[in-house]
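User: Hi! Could you walk me through this structure, step by step?

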Protein chains: 2
Amino acid sequence: MDYNLLALGISLLALVFAAFLAKWVLRQPQGSSSLQEVSNIIKQGASAFLKRQYRTIGFIGMILALLLFFVYGFSGKWDQGWQTALAFVFGAASSAIAGIVAMSMSVRSNVRAAAAAEDGLPGALKVALRGGAVSGIIIVSMSLLGISLLFLFYSLLGYDFIKIPSLIVGYGFGASLVALFAQLGGGIFTKAADVGADLVGKIEAGIPEDDPRNPAVIADLVGDNVGDCAGRGADIFESTAAENIGAMILGVALYPVFGIKGIMFPLVLRAFGLIATIIGIYSAKSKEGDNPMKSLNKGYWVTSILAAIAFYFVTDIMLGNLWFFWAGIVGIVNSIAFVYITQYYTESRFRPVREIATASQTGHATNIISGFAVGLESTGLTVVGISASLLLSYWFGSQSGVPTGGLYGTAVATMGMLATAAYVLAMDVFGPITDNAGGIAEMSNAPEKIRKTTDKLDAVGNTTKALTKGYAIGSAALAAFLLFSAYLEEVHISIVDLAKVKVFVGALIGAMLVFLFSSLAIRAVGKAAYYIINDVRAQFKEKPGIMSGSEKPDYARAVDITTRGALKEMILPGILAVTVPILVGIFLRAEAEAGFLMVGTITGILMATMMNNGGGAWDNAKKYIEEGHLGGKKSATHAAAVTGDTVGDPFKDTAGPSLHVLIKLLSTLTLALALLFI
Amino acid sequence: MDYNLLALGISLLALVFAAFLAKWVLRQPQGSSSLQEVSNIIKQGASAFLKRQYRTIGFIGMILALLLFFVYGFSGKWDQGWQTALAFVFGAASSAIAGIVAMSMSVRSNVRAAAAAEDGLPGALKVALRGGAVSGIIIVSMSLLGISLLFLFYSLLGYDFIKIPSLIVGYGFGASLVALFAQLGGGIFTKAADVGADLVGKIEAGIPEDDPRNPAVIADLVGDNVGDCAGRGADIFESTAAENIGAMILGVALYPVFGIKGIMFPLVLRAFGLIATIIGIYSAKSKEGDNPMKSLNKGYWVTSILAAIAFYFVTDIMLGNLWFFWAGIVGIVNSIAFVYITQYYTESRFRPVREIATASQTGHATNIISGFAVGLESTGLTVVGISASLLLSYWFGSQSGVPTGGLYGTAVATMGMLATAAYVLAMDVFGPITDNAGGIAEMSNAPEKIRKTTDKLDAVGNTTKALTKGYAIGSAALAAFLLFSAYLEEVHISIVDLAKVKVFVGALIGAMLVFLFSSLAIRAVGKAAYYIINDVRAQFKEKPGIMSGSEKPDYARAVDITTRGALKEMILPGILAVTVPILVGIFLRAEAEAGFLMVGTITGILMATMMNNGGGAWDNAKKYIEEGHLGGKKSATHAAAVTGDTVGDPFKDTAGPSLHVLIKLLSTLTLALALLFI
């Protein structure tokens, strides 16, 4: 119990630290009034989107909570009913609050980063990273806090320690549900606005990107926040929550060996990961002229090493078995390996992106074929990494001499991988902040100097965003195996026999769900884009003075219309993701559901990897050409590369990230509803 | 044993019938000398390709045969070694012979179909369908003959009946190996030639499709034969061979119930399917003015109904249990359902193709996104169909009261689905014959009337090709489950526990292999296309008179260069497909190999479905626009649709069909090498 209070205390301390950091960011100057004006419009648009989005999610969430309550209730399990529903609502609410706080921080950091850019890069980097760190720390510590509080609550009610983890599985499901809709809605919004702004602005009206005359331009900037920031935040919130709960359930299975310490182990580790992140943030400083990526990397290494050291002591003290420390190291190394794999496939220094650029010379079709081939290929190293991590950490765990220690080894590897989650999230949120800073500078006609700095930061932000996606998919893959095991514990099955026809059919449907969900997610972007395209065209007609600069476009209207479109289009894929697993579980029962879950997860990992890396590679192939290679901007080669970039957008920013969340939703949903499928 | 002689006799009779039909086709007039001239060049190109391709395949095959022999031998199983190697070589050789005979028939039917077109559609249809039927019947009956002969051979050597099926598993592996390389090489050749001819001809030189001045045009026509005809033929040869063997192994497990009849059941059924096909071919006649698709459909229905009737009697007599008849009906209905699903997703009458056409109005990128979404979506109904068939046939089988009858039910469903294989193959080969007939007419400046008729036939051929792919994937999916079970019998495992970390890793690698293989297959097309593009450019330079018509291009050189390119590029994906399963089996052992096999199969089914249907839909969206919709030919919308069509080409004609073969190769390979993995 002391360990729970320790985790609770550290998570509260981390929140205090985040508040302190936020105060520092908010104290920074906001720059000229024209900067502030643009920033305010973005802020309003983003909060309008969030308000409406969370209303929709809240509505769906309430229905699901009631369903959970009554479905369990009518099967005579009223206790299980209120417990699951309570944890579900609490998880959903925590995730929503974390998302809202993190995003409101991000839309306040952007203008300050732009303002700081006037004094050069180091200052701007500091503001952007600290702004991102506030989000990262809040999200990870709230996820930890929620679980600790639930644990405290049930132990005060007098429940047995080893029963509690099963009572709070609804928390992960609630977080997943919010994450699914946050990522889907945000992802659809951001790409619909992006595609819409480009198609009408650049192509039809012939005005440059981020031009203030384009009514869709604010929607585009709002999109960066709601997609990359709020969406990914909810994603990582869910990851850490689900992983904590799953590991605790495995800890229960090991209660005879480790006692309560085995259950609390993941929470304590996460808490020390937060401390490592805080120190890492402070060590990421840069000097004028430095490559900003270097200082971010330095912070990451500091965080990783500190996390590894903490890992050593926590493992030694709590488990008294250092084999698990090695399993944790496997996870940390895996997270670093994923960073390099992602870089190889998405940076223009390497073969894959160059290949796409070369293929663009023979036209649109060869660009697409080549990018698709790169995306598919990138699954190879990814799977090798995941497989090696699983096998190795299993082996280390088996050496421990603990019964089912192998399985626990893979769980510890996941904890290792997620130890640096808050830092990675900080780097990720850094992306939309710098992206927005650049957009704000562009729109307010800020001096050349500011724009040069923000451009540099923006390029770094693109890289960090790609890396986070690789990290998210890697951790989702490791966490998945742990969550499967937790599910099997819950349904009291120890075997998932794929040779049974029902299980095989479940597996087939699981893989199909990934394909169908991707189809709907991609298509949703196209549909939502039509809303904004039509509105921009209408605005140009209604206000002929926009192009000459004598009239101002109605940015808010464009945001509002895109919001409605995105939220409408997120419903169908979201509902599909929730209902299919329930139906499979009810009709084909628990073992088939496990097959569904596992093969759905495998397919999801590969599809998401393909889409993230393919999309990133297309994007950077275009940028490579824009740097002046192979004919440069405005060449036919460039036109072909733009096609690839546009195709890649919904891949890497809508479907791919939504698939990460889908994978985890499948796990948390089956965990929360396990009793229905037995 | 009498049953084996029955199957052997019917397959020999079917071959005699095929010879008789071939004679009829060859008796038909070959038309004008200019028609014949073009046809001869195609014939030469195709046989040059085949010769070189089979030399490469033969080389790889010999190495594998030796490997099989020695690997088994050095593990002390010399008997198993020579048996497996012998069956392997026999299977590979039979498949190669069937492919060569079928293709040499196809390249002789094309010019005759073109000549017959002068007298109107019914005659041309008859020639083309009968030409296709020769291939279809030869391929299916040779596959049956080979197995019957092997069975006879071992029974004459005095082996116990119930041991023999395990001794001939190498036959399926040999057939798969040939099919893999035939489909890969053919698929790469056909699309490299197609893309190459289009890029240099249409885009750079500005001459229409099938223009005799384009040096790549003959390669394009050769490609139709080697890809669609020889490739698909090897594919179906393998399907029927693998399914026969797998079902016989399951029959061995049921020996206590059905005796030898259970083992011979699949062979006898296949034999009656051949008879049904022969009658079906004769009933597919058309009158002038009829829709030719109608008469092909009529023949298909006749074949299906006759097959169902034969099924009833054979089941009743041999198994004495009519529950299995119903399981067989499930398979027949499933094959019809697949025809309709494919039609829905690839014909311009329906929503999906229309959606792609509409999306082409906003450019290349939206065309691609939309086509991709359609391909992904099409996996939904496909999986519902497969799942329903598996569950239903399992249920029927369980009702039979026979132990493990459910499993045998799914096997019988597969037999039902494959009962019409020869007819479907006839329709498929009909495709390249009519396609070639059109090309020959175009190139030899044949009268308008001929070209109109061949155009109509060509359109029908496109549909039949798409349908066959749907059929091939559906039957591969059903057959897969049966082959898994056969594998499990061979390695004496009854459970494939996905919750074990090794099995899960095997599964992960299986899914990854599909992604990686697809990547390599797609990329190979692009690489091979460069060979022909460079050659065409060189020919235009070397012979400036080509464009004015005063010089003739060197068609043979273009064919030769494409051949080298395609064969070189098929090696890497081919080797990958063979080595990965062996490595997984050796390092992770039999149960993980089963997980690898099953999840690889699931992913392969989905990926192939996505690629086949996406590619078909893109193709027909372009054709829909060319018919004058949405701006028609030469509009920007059309240009966008052409991009989709070009992207779809390697999807639907290289990677997709190669994936069918890959799936089955995985099964036959694991079966043949099962003893190594225990």
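This is a predicted model: local features need pLDDT of at least 70, side-chain atom pairs count only at pLDDT 80 or more; totals for chains, interfaces and linings use all residues.

User: How many residues does the contact take from chain B and from chain A?

Analyst: Residues are numbered from 1 along each chain as its sequence is written, while chains are lettered from A and ligands numbered from 1 in written order. Two residues are in contact if their C-beta atoms, placed from the backbone, lie within 7 Å. The contact takes 58 residues from chain B and 59 residues from chain A.

User: Which helix of chain B gives the largest share of the side that touches chain A?

Analyst: Helices here are DSSP runs (H or I, at least four residues), numbered from the N terminus. Several give two or more residues to this side, including helix 17 (448-491) and helix 19 (555-626) of chain B. The largest share, 15 residues, comes from helix 18 of chain B.

User: What percentage of the residues of chain A count as buried?

Analyst: A residue is buried if 20 or more other C-beta atoms, placed from the backbone, lie within 10 Å of its own. Of the 678 residues of chain A, the share that counts as buried is 68%.

User: How many helices and strands does chain A have?

Analyst: Using those DSSP runs, strands (E) need at least two residues. The C-alpha atoms of chain A fill a box of roughly 75 × 50 × 45 Å along the principal axes. Its secondary structure comes to 21 helices and 0 strands.

Terms used:
A residue is buried if 20 or more other C-beta atoms lie within 10 Å of its own, exposed if 12 or fewer, and partly exposed in between; C-beta atoms are placed from the backbone.
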